[in-house]
Amino acid sequence: MEKNAVPPQARSSPRKGYLRLRDIPPELLARLNRGELETATLTEQAAMDFMALLHSLREWAGDGAGLLWDAERLRLAEQGIVGRMRLTGEALGRWGAFGKETALEQLMTHAADTVRGFACYAIAAHPGLEFGAKFDRIRPLAADPHFGVREWAWLALRPRVAEAPWAALELLGDWVREA
């Protein structure tokens, strides 16, 4: 597990989050950008500097230099939040998470909900995973204690569901019967 990872049962966001960008204290935003804690609202995540967060992944098992080069080229700051999440997850996949199980696991267990959200998009884009395997792999993130990670799991898989809705319904049938 990565140095700043926490067990899933210990993750939660008990603090009240910020709803307006201008209200987010700079010191809180700096901690979010370093991947030290979870966001409490989508507004906080939208305010984040994804390049700073990627720079904080120093212990990541993937190719960090390649990732940063790719992310710079993608001009993430010019994207909306969903686009930034998708592009970052795909870049993390290309630079390690598609080929190194350790790299993907580090993303899936990271202390920051945003990084776990990146893992959702890396899984959904993973060219080596068959349709059903993507659902199996993303399942722990779909059950993540953080509301945002659960939402990213759904948003990341949604295009796969649209490609084969009946197959997806069959796979998801067991999920809806769980607590």
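Q: What does the protein contain in terms of helices and strands?
A: This predicted model has 10 helices and 0 strands. Read along the sequence, the pattern is α-α-α-α-α-α-α-α-α-α.

Q: And how does the radius of gyration compare with the globule rule?
A: The radius of gyration is 16 Å, close to the 16 Å that the globule rule gives for 179 residues, so the protein is as compact as a globular protein of that length. Along the principal axes, the C-alpha atoms fill a box of roughly 45 × 35 × 30 Å.

Q: What share of the residues counts as buried?
A: Of the 179 residues, 47% count as buried.

Q: Turning to helix packing, how do H7 and H8 cross?
A: The axis of helix H7 (residues 113-125) comes within 9 Å of the axis of H8, and the two cross at roughly 175°. Since angles over 145 degrees count as roughly antiparallel, H7 is therefore roughly antiparallel to H8.

Q: Which residues meet there?
A: On the H7 side they are Arg-116, Ala-119, Cys-120, Ile-123, Ala-124 and Ala-125, and on the H8 side Lys-134, Arg-137, Ile-138 and Leu-141. By class, this contact has 7 nonpolar, no polar and 3 charged residues.

Q: How do the axes of H6 and H8 run?
A: Helix H6 (residues 101-108) and helix H8 (residues 131-142) have axes that come within 11 Å and cross at roughly 25°. The angle makes H6 roughly parallel to H8. Glu-101, Leu-104, Glu-105 and Met-108 of H6 make the contact with Arg-137, Pro-140 and Leu-141 of H8. By class, the contact of H6 with H8 has 4 nonpolar, no polar and 3 charged residues.

Q: Staying with H6, is Gln-106 buried or exposed?
A: Gln-106, which lies in helix H6, is buried, with a relative accessible area of 11%. The Gln-106 side chain reaches the backbone nitrogen of Ala-61 at 2.6 Å.

Q: Now H4. Why does Asp-70 count as buried?
A: Asp-70 is placed in helix H4 and counts as buried because its relative accessibility is 1%, and buried means under 20%.

Q: What does the Asp-70 side chain join by a polar contact?
A: A polar contact of 2.5 Å joins it to the side chain of Arg-73. Not counting residues up to four places away in sequence, Asp-70 touches Ala-91, Arg-94 and Trp-95.

Q: Where is Ala-91?
A: Ala-91 is in helix H5 and counts as buried at 1% relative accessibility. Ala-91 and Asp-70 are 21 residues apart in sequence, with 6.7 Å from C-alpha to C-alpha. Beyond four places in sequence, Ala-91 touches Leu-67, Asp-70 and Leu-74.

Q: Next, which residues is Phe-50 in contact with?
A: Leaving aside neighbours within four places in sequence, Phe-50 is in contact with Gln-45, Leu-76, Ile-81, Arg-84, Met-85, Thr-88, Thr-114 and Phe-118. Phe-50 is found in helix H3 (residues 50-55) and is buried, with a relative accessible area of 2%.

Q: Last topic: where is Thr-41 found?
A: Thr-41 is in the loop between helix H1 (26-33) and helix H2 (42-47), and is buried with a relative accessible area of 12%.

Q: What does the Thr-41 side chain reach?
A: It reaches the backbone oxygen of Tyr-18 at 2.6 Å. A polar atom of the Thr-41 side chain also lies 3.1 Å from the backbone nitrogen of Glu-44.

Q: Which residues does Thr-41 touch, not counting those up to four places away in sequence?
A: Thr-41 touches Gly-17, Tyr-18, Leu-19 and Phe-147. The C-alpha atoms of Thr-41 and Gly-148, 107 residues apart along the chain, are separated by 8.1 Å.

Notes. Residues are numbered from 1 along each chain as its sequence is written. This is a predicted model: local features need pLDDT of at least 70, side-chain atom pairs count only at pLDDT 80 or more; totals for chains, interfaces and linings use all residues. Side-chain values use heavy atoms; hydrogens and water are left out. Axes are lines fitted to C-alpha atoms, for helices over the stretch in contact, and angles run from 0 to 180 degrees between N-to-C directions. Helices (H or I, at least four residues) and strands (E, at least two) are DSSP runs, numbered from the N terminus. Angles under 35 degrees count as roughly parallel, over 145 as roughly antiparallel, 65 to 115 as roughly perpendicular and the rest as oblique. Contact means heavy atoms within 4.5 Å. Ala, Val, Leu, Ile, Met, Phe, Trp, Tyr, Cys and Pro count as nonpolar, Asp, Glu, Lys and Arg as charged, and the others, Gly among them, as polar. Buried means under 20% relative accessible area, exposed over 50%, partly exposed in between (1.4 Å probe, protein chains only). A polar contact is a pair of N or O atoms within 3.5 Å; within protein, one must be able to donate a hydrogen and the other to accept it, and residues adjacent in sequence count only if both atoms are side-chain atoms. The radius of gyration is taken over C-alpha atoms; the globule rule is 2.2 Å times the number of residues to the power 0.38.
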